Structure formats: C-alpha cells, structure tokens
Amino acid sequence: MINYSKYPINNQTYKSPEYDALVQSCKEQIRLQGFVFLKRFIESKYVDHLVSSILDLEKKGFGFYSTEKHNVFLEENASSPREEHCFNSLHPRRVQLKSSKLLMNAEDLSSHATELENLFQSMALLQFIRDVLQIKLYPSTDPYGKYYANIFNEGDGLNWHFDRSEFSISLILQPAEEGGMFQFVPNSKEVVEGWQEMPSDMNSTPPLCTSIMIQEPELASGDLYLFRGQNSLHRVSEIVKGKRINVILTFNSDPDGVLNKYTLKKFFGVDKS
C-alpha cells in the first residue's frame, strides 16, 4: 500500500542511508514550516479503492454532518461580557467563522475500507512518524477516532484556525475540482495573537509580517502530510466544485488516549451518555 520504492521506510530499509536522508529532510521541513508532505505516498490502486468505498458509504447514509462556528483559536463562544469589554467586535477572539464537513468514523470505515486499518497499524509508518516528529507516539485506541474521513462537498470548508492538538497526519484521497485548498501561515500564532482586528479576506491581505505569507501546497491523491497546526494558522478553503476527501490518522503520546463524550457527540454524532 505504501509506495516503498519512493519512500524506503519498510523493515528492509529502516535505518539505511536512504531512510536517514528522508527522515532528515522531513525533520528540516517540519522545523522550518511545521509542515511536510510526501507525494504519492500511497499507491494509486489503493487510493482509488478507498475513494470508491467511502463514496459508497456516503451514498448509504453513513457519516455525521458537522457544522460549527468558532474563532481562529477554536473557541465557540467568545462573546462573554469580559471579552466584549476587552476586545472590539473585529478582534480574532470575537470574529466567528463557519466550518462544515461530513465525518465518517473508524467504526464505519473499518469493515468497508480495510486498507485504512492496515495502514494505521503499520509499524513502519509509526516508526517513521516517530522519527520525523521526534515524539514517542502510539496508535490511538479510540474505536471511532483512531482514523476518520473528512468529506467536503460544495459549500463546505474548514475555516481559519489553530489546532488544539500538537500535530496532525492527513492522507489526501481526492482533491476538489475547484476550491478545497489547504492553506497555512507558518509559525503565525504569536502574530495573530497580537492582532486587534481580523482581516475580512486573508487572501487579499498583505503578508501577516514581512517574513511569512500564506502557503498553498499542491496536494494530490495519495499524498500524505504531517503538520504542526498549533502554531500555524490554516484552513481548507470552501469547495467550489467537486468533492474533497481526506483521512486523518490519529497517533497519541498517551497509549491509552480516547476521545471524551463531548468530542464524540460533537464531531462524530456518537452519543455515549
């Protein structure tokens, strides 16, 4: 499933000069921009099957449609009397942005897209991610959130925000025909925290400071990317035409970490009360 000819991370090449060079290159990109993507990481025949399986599940009514309003710090309600007193209406903590997408959890995917389970359980992938991020990580044991698909249809998008988690690992299965671009501003949290007003249009605004600008990598089917989203403002722009599908793989520093009841209900529609 993994394109080992391009990415020598399997057991036979682990710690080889080629492996070490790949890891060092990825570590440097993470250090500089908090982002690295690996083109055609997954072989195309597996990507095609995963897309077909997920679209079939969507047609059968699987998935939870999530809509939310939030500010760039993923705070849902920043209009308390204190914040209204401290911040003007255009302050980043008070401007509410809209995001929407269809989420398909691991329990729904596991019996229809077995390739995802195989990829998620790959020790070669886990060790590679550990080496690049330099963190002792473990595959999530959460039956719903260990991996999940994000499906963005026309009008959907993931608005500007900083992640709460330190990093994310995403596999692109299908880019949109128009829109749905992953955009990020490297190492921008300190800058944004100093804003007094949120720009009405980030794309037409001057650079946030003289040294950083919006990055828009050209992601394609089968690409895998690692991203430290806590410190870099980012979004998936609104889908104009077509459908965007990506899969999030969840690895935690806590070997027993699972999602809480609030997160399960809010983002997956799973009620464990």
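The legends below describe close-up views of a predicted model.

**View 1. Helix α6 and its burial.** Helix α6, which spans residues 123-133, is mostly covered, with nine of its 11 residues buried. At the N-terminal end, α6 is capped by Ser122, a side-chain oxygen of which lies 3.4 Å from the backbone nitrogen of Ala124. Beyond the helix, the residue that follows is Gln134, whose phi is positive.

**View 2. The crossing of helices α1 and α6.** The axes of α1 (residues 17-33) and α6 come within 8 Å and cross at roughly 50°, and the two helices are therefore oblique to each other. The crossing in which α1 passes α6 is right-handed. On the side of α1 the contact is made by Tyr19, Leu22, Val23, Cys26, Lys27 and Ile30, and on the side of α6 by Gln127, Phe128, Asp131, Val132 and Leu133. Sorted by class, these residues comprise eight that are nonpolar, one that is polar and two that are charged.

View 3. Glu58 is part of helix α2, which covers residues 44-59. The side chain of Glu58 makes a polar contact of 3.2 Å with the side chain of Asn153, and a polar contact of 3.1 Å joins Glu58 to Lys243, again between side chains. When neighbours within four places in sequence are left aside, the residues in contact with Glu58 are Leu102, Met104, Ile151, Asn153 and Lys243.

**View 4. Two loop residues with positive phi.** Most residues other than glycine have a negative phi. Gln134, however, has a phi near 60°, a positive value in a residue other than glycine, and is found in the loop between α6 and β4 (138-139). Because its relative accessibility is 58%, Gln134 counts as exposed, the cut-off for that class being over 50%. Asn187, in the loop that lies between β9 (182-185) and α7 (189-193), likewise has a positive phi, here near 50°. With a relative accessibility of 45%, Asn187 counts as partly exposed.

Note on methods:
Residues numbered from 1 in each chain as written. Predicted model: local features only at pLDDT ≥ 70, side-chain atom pairs only at ≥ 80, totals over all residues. Heavy atoms only, no water. Buried < 20%, exposed > 50% of the residue type's maximum accessible area, 1.4 Å probe, protein only. Helix = DSSP H or I, 4+ residues; strand = E, 2+ residues; numbered from the N terminus. Polar contact = N/O pair within 3.5 Å; in protein donor to acceptor, adjacent residues only side chain to side chain. Contact = heavy atoms within 4.5 Å. Axes fitted to C-alpha atoms, helices over the stretch in contact; angles between N-to-C directions. Parallel < 35°, antiparallel > 145°, perpendicular 65-115°, else oblique. Left-handed = near helix turned anticlockwise from the far one by under 90°. Nonpolar A, V, L, I, M, F, W, Y, C, P; charged D, E, K, R; others polar.
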